[in-house]
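Please read the report below alongside the sequence and the 3D structure. It is written for someone meeting this structure for the first time.

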Amino acid sequence: MKIHHIGYLVKDVEKAAKAAEVLGFVLCSDMVYDSDRRIRIVFMENEGYRIELVQPDRDSEIYPLMKRYKNSPYHICYDIESEEMNAAIERLSEQKFALFKAPSRAVALDGDVAFLMSPDIGMVELVKR
């Protein structure tokens, strides 16, 4: 699987974007509001590396993660273009990855995503575009 991006949980996506610019990242998307997940998202790149800045609303299901992670990376997203989503989930489940969030549409990625948790590596996201 190819890495698509590293997701950063942030309190303020605009402030985080300015800080990432200092590190050489440039915006590669407009800010998108995902009303289903109640999050603001922007993608940035630096020499082929892509990050996703994610700012949850207070009523977002991922807002509680702010207490645990604060402003920090919290998932790695893998592009599964050559594999079906359910097959990838099943394959990872056999390796002790637990499905955390069932596949659903992600407006910022124009594709379906699923989130899994591993006791050894933490949260991963799968994207099928």
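## Basis of the model

This is a predicted model, in which local features need pLDDT of at least 70 and side-chain atom pairs count only at pLDDT 80 or more, while totals for chains, interfaces and linings use all residues. Residues are numbered from 1 along each chain as its sequence is written, and side-chain values use heavy atoms, with hydrogens and water left out.

Helices (H or I, at least four residues) and strands (E, at least two) are DSSP runs, numbered from the N terminus. In helix H3, which spans residues 85-93, the buried residues (under 20% relative accessible area, with exposed over 50% and partly exposed in between, for a 1.4 Å probe and protein chains only) are Met85, Ala88, Ile89 and Leu92. Seen down the axis of H3, these buried residues fall within an arc of 100°, taken from the directions from the helix axis to the C-beta atoms, so they line one face of the helix.

The face turned away from the buried side of H3 carries the exposed residues Asn86 and Glu90. The buried residues of H3 pack against strands E7 (98-106), E8 (111-118) and E9 (122-128), where contact means heavy atoms within 4.5 Å.

## The nonpolar cores

A nonpolar core is a set of buried Ala, Val, Leu, Ile, Met, Phe, Trp, Tyr and Cys residues joined through side-chain atoms within 4.5 Å. The largest one has 16 residues, and those with the most contacts inside it include Leu9, Val54, Tyr74 and Val113. Two or more residues each come from strand E4 (39-46), helix H2 (65-69), strand E6 (72-79), E8 and E9, and the largest share, three residues, comes from E4.

Leaving aside neighbours within four places in sequence, Tyr74 is in contact with Gly7, Tyr8, Leu9, Val54, Ile62, Leu65, Tyr69 and Met123. Apart from this core lies another, of eleven residues, among them Tyr78, Leu116, Val124 and Leu126.

## Salt bridges

The structure holds nine salt bridges, each a side-chain nitrogen of Lys or Arg within 4 Å of a carboxyl oxygen of Asp or Glu. In one of them, the side chains of Arg40 and Asp57 meet at 2.5 Å, N to O. Arg40 lies in strand E4 and Asp57 in the loop between strand E5 (49-56) and H2, so the pair ties together parts that are 17 residues apart in sequence. Arg40 is partly exposed at 28% relative accessibility, whereas Asp57 is buried at 17%.
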